[in-house]
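Biologist: I would like to learn how to read a model like this one. Please show it first.

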Amino acid sequence: MVNILNSISNYDIKQNTTLKIGGNALLAYLPVTVGDMVDCVEHHTKQNNEINIIGAGSNLLVASKGIDGVTILTKNLKDVIQIEDDKIYALCGAKSSAFAKIAFEASLSGAEFLVGIPGSIGGAIFMNAGAHGQSIKDIIESVKILNLKSYSITEVPVKYLQFRYRSTSFFDKENLILSAIFKLQKGEQNEIKERMDFHLNYRAQNHPPLSEYSAGSTFKNPKGHYAANLLEKVGAKEYIENNKIRFSPKHANFLYNFNDADSTDAVRLMYNMWEKVKKEFGIKLQPEIKFIGKKTEEEEKLWSIMTKH
């Protein structure tokens with residue numbers, strides 16, 4: 001049975017996103033155990049309610065008109081991280097950066113690149129997050145999933161998870177990430193620390209600070225190109241939408257909400273730069289961030305153009 005004590009009506013979602021944009025969720029649910037999460041999903045899918053899952057709220061744009069149905073926030077599913085030999089078990093709500101630090105403390109190598117990624121383990125798996133030639137699929141042994149039709153829980157080996165660049169088709173429709181087992185390698189702490197410092201220093205020098213309201217990479221890198229380079233060449237760093245949102249002067253592929261922008265401001269900015277890149281280079285960039293919630297007619301139109309393959 002769903003524990004209604006963990007349900008909140010008209011929940012302020014934007015405070016749970018790194019971009020700080022979004023209206024209220026009609027009904028939000030903050031499970032504290034995997035069992036709570038499974039019960040919530042089963043209860044609401046049987047009622048044909050739309051379900052949205054939000055982890056750390058990075059790589060996410062939420063519609064300013066809000067979200068219907070039920071929104072499950074996994075931020076309380078973060079404390080269970082267990083280590084056995086060279087393997088680490090983590091719940092979906094665990095922070096990627098915290099996971100990397102725990103691996104370091106256990107002298108386990110392979111997760112160093114996660115230290116600077118502001119997201120949850122579930123989100124990192126869903127997006128196949130990565131940096132500097134590594135991605136999370138490289139260190140996963142298996143993922144425990146909930147099937148949204150049968151409500152069965154299954155542990156799936158990595159070879160069946162259909163990872164792609166910054167996405168995986170396995171979770172798109174029918175399966176929800178609950179937890180994962182990662183296989184790392186024993187290493188020397190000083191060497192692991194050096195690699196973590198490299199990733200942190202690189203992000204500090206090349207990415208906007210985490211104190212700025214951003215959402216990570218806005219567009220995926222097209223084959224043979226870097227989206228940031230293309231955007232910079234068409235003037236993305238100089239363009240400001242409605243005196244509220246722009247691409248970061250430090251990195252042309254990071255949105256920067258500096259003056260209480262709404263989702264329409266963000267989508268207009270993205271589309272304007274998308275159109276410029278298409279005209280200048282003949283390349284149709286694909287959004288990397290996800291856009292959820294009740295879109296306006298304009299937002300729906302512009303988003304559809306940008307995401308059409």
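**Reading the model**

Modeller: Start with one residue. Glu105 is exposed, as its relative accessible area is 58%. Buried means under 20% relative accessible area, exposed over 50%, and partly exposed in between, with a 1.4 Å probe and protein chains only. This is a predicted model: local features need pLDDT of at least 70, side-chain atom pairs count only at pLDDT 80 or more, and totals for chains, interfaces and linings use all residues. Residues are numbered from 1 along each chain as its sequence is written, and side-chain values use heavy atoms, with hydrogens and water left out.

Biologist: Where is Glu105 found?

Modeller: Elements come from DSSP: helices are H or I runs of at least four residues, strands are E runs of at least two, and numbering goes from the N terminus. Glu105 is found in helix α2.

Biologist: What share of the residues in the protein chain is buried?

Modeller: Of the 309 residues, 50% are buried. Contacts are another way to read the fold. A contact means heavy atoms within 4.5 Å. Among contacts with a separation of 6 or more, 65% join residues 24 or more positions apart.

Biologist: Ser96 next. Is Ser96 buried or exposed?

Modeller: Ser96 counts as buried, because its relative accessibility is 0%. Its place is in helix α2, which covers residues 96-105. Leaving out residues up to four places away in sequence, Ser96 touches Leu114, Ile117, Gly119, Ser120, Ile121 and Ala124.

Biologist: Which backbone oxygen does the side chain of Ser96 reach?

Modeller: A polar contact is a pair of N or O atoms within 3.5 Å; within protein, one must be able to donate a hydrogen and the other to accept it, and residues adjacent in sequence count only if both atoms are side-chain atoms. Here the Ser96 side chain reaches the backbone oxygen of Ser120 at 3.4 Å.

Biologist: Now a strand. Which residues does Leu178 touch?

Modeller: Leu178 is found in strand β15, residues 175-183. Leu178 is buried, with a relative accessible area of 1%. Beyond four places in sequence, the residues that Leu178 touches include Val34, Met37, Leu91, Cys92, Leu146 and Ile153. Leu146 and Leu178 are 32 residues apart in sequence, yet their C-alpha atoms are 6.8 Å apart.

Biologist: How should I read backbone phi?

Modeller: Most residues other than glycine have a negative phi. Asp85 has a positive value, near 55°. Asp85 lies in the loop between β6 (81-84) and β7 (87-91). It counts as exposed, at 58% relative accessibility.

Biologist: Where is Asn243 found?

Modeller: Asn243 is found in the loop between β17 (240-241) and β18 (245-248). Its phi is positive too, about 55°, although Asn243 is not a glycine. Asn243 counts as exposed, at 51% relative accessibility.
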